[in-house]
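Welcome! Have a look at the sequence and the model, then try each task before reading on.

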Amino acid sequence: MIAHNRLAAATWEADQHARVLTESLADWHRQPAPDLPTLELDRSKVRLVDQVLFRFIKLQDVMGERLVPATLDALAEPCDSLSMRDRLNRLEKLGFVDVDSWLAWRDVRNRLAHEYPDHPELRFAALLAAIQAAQELGALYADWRQHLHAQRLLPDDTP
């Protein structure tokens with residue numbers, strides 16, 4: 001029962017970030033900025049991009065820190081002594097995640113931490129890569145939830 005409570009708590013938290021991420025991505029895709037100078041002149045777009053990036057990071061964090069171990073626990077898969085890479089490999093074998101994609105999204109996230117003041121094209125490319133990664137992570141989370149429901153690891157009343 002404890003494993004299912006941890007899983008329910010992890011999915012609840014991930015749901016909050018995924019919902020706002022999906023809404024923010026939809027807003028971005030309706031009118032994306034064509035380049036960094038255009039983006040930086042539009043304060044509402046800057047706030048929107050900040051929201052996308054924040055929710056991307058938060059969703060990735062909750063999935064890695066809470067959903068990964070909670071899913072393995074709910075599946076009765078021992079994971080306490082496993083490294084994150086080994087946990088991801090096990091979840092890949094169970095059909096929950098593609099490890100190469102996960103690692104690529106971590107790389108995108110790390111690139112966001114670097115500023116390139118003299119290279120606006122690199123900053124904008126990193127931003128666009130993060131927006132794409134956020135879209136992919138959101139899709140992965142939706143699939144993950146479907147997989148949990150299919151295996152009856154989440155109650156039927158959980159959306």
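Asp27 is partly exposed, at a relative accessible area of 36%. Please keep in mind that this is a predicted model.

**Exercise 1.** Find out how Asp27 and Arg30 are linked, and where they lie.

*Solution.* 
- Step 1: Look at the side chains. Those of Asp27 and Arg30 meet in a salt bridge, with 2.1 Å from N to O.

**Exercise 2.** Work out which parts of the chain the salt bridge between Glu77 and Arg90 ties together.

*Solution.* 
- Step 1: Check the contact: the closest N and O atoms of Glu77 and Arg90 are 2.8 Å apart.
- Step 2: Locate both ends. Glu77 sits in the loop between α3 (43–74) and α4, while Arg90 is in helix α4, so the bridge joins parts 13 residues apart in sequence.
- Step 3: Compare with the cut-offs for exposure. Glu77 has 18% relative accessibility and is therefore buried, as buried means under 20%. Arg90, with 30%, is partly exposed.

**Exercise 3.** Describe the salt bridge between Arg111 and Asp107.

*Solution.* 
- Step 1: The closest N and O atoms of this pair, Arg111 and Asp107, are 3.6 Å apart.
- Step 2: Helix α5 holds both residues, four residues apart, which is about one turn of the helix.
- Step 3: Arg111 is partly exposed at 33% relative accessibility, and Asp107 is partly exposed at 40%.

To set these bridges in context, the structure holds 10 salt bridges. Glu13, Glu65 and Arg66 are linked in a salt-bridge network.

**Exercise 4.** Classify the two aromatic pairs of the structure.

*Solution.* 
- Step 1: Take Phe96 and Trp144. Their ring centres are 5.4 Å apart and their planes meet at 55 degrees, so this pair is tilted.
- Step 2: Phe96 is in the loop between α4 (84–93) and α5 (99–112) and Trp144 is in helix α6 (residues 120–150), so the pair ties together parts 48 residues apart in sequence. Phe96 is buried at 3%, and Trp144 is buried at 0%.
- Step 3: Turn to Trp102 and Trp105. With 6.5 Å centre to centre and 65 degrees between the planes, this pair is edge-to-face.
- Step 4: Trp102 and Trp105 are three residues apart in helix α5, so about one helical turn separates them. Trp102 is buried at 3%, and Trp105 is buried at 6%.

Notes
Residues are numbered from 1 along each chain as its sequence is written. This is a predicted model: local features need pLDDT of at least 70, side-chain atom pairs count only at pLDDT 80 or more; totals for chains, interfaces and linings use all residues. Side-chain values use heavy atoms; hydrogens and water are left out. Rings of Phe, Tyr and Trp (its six-membered ring) pair if their centres lie within 6.5 Å; planes under 30 degrees apart count as stacked, over 60 as edge-to-face and the rest as tilted. Helices (H or I, at least four residues) and strands (E, at least two) are DSSP runs, numbered from the N terminus. Buried means under 20% relative accessible area, exposed over 50%, partly exposed in between (1.4 Å probe, protein chains only). A salt bridge is a side-chain nitrogen of Lys or Arg within 4 Å of a carboxyl oxygen of Asp or Glu.
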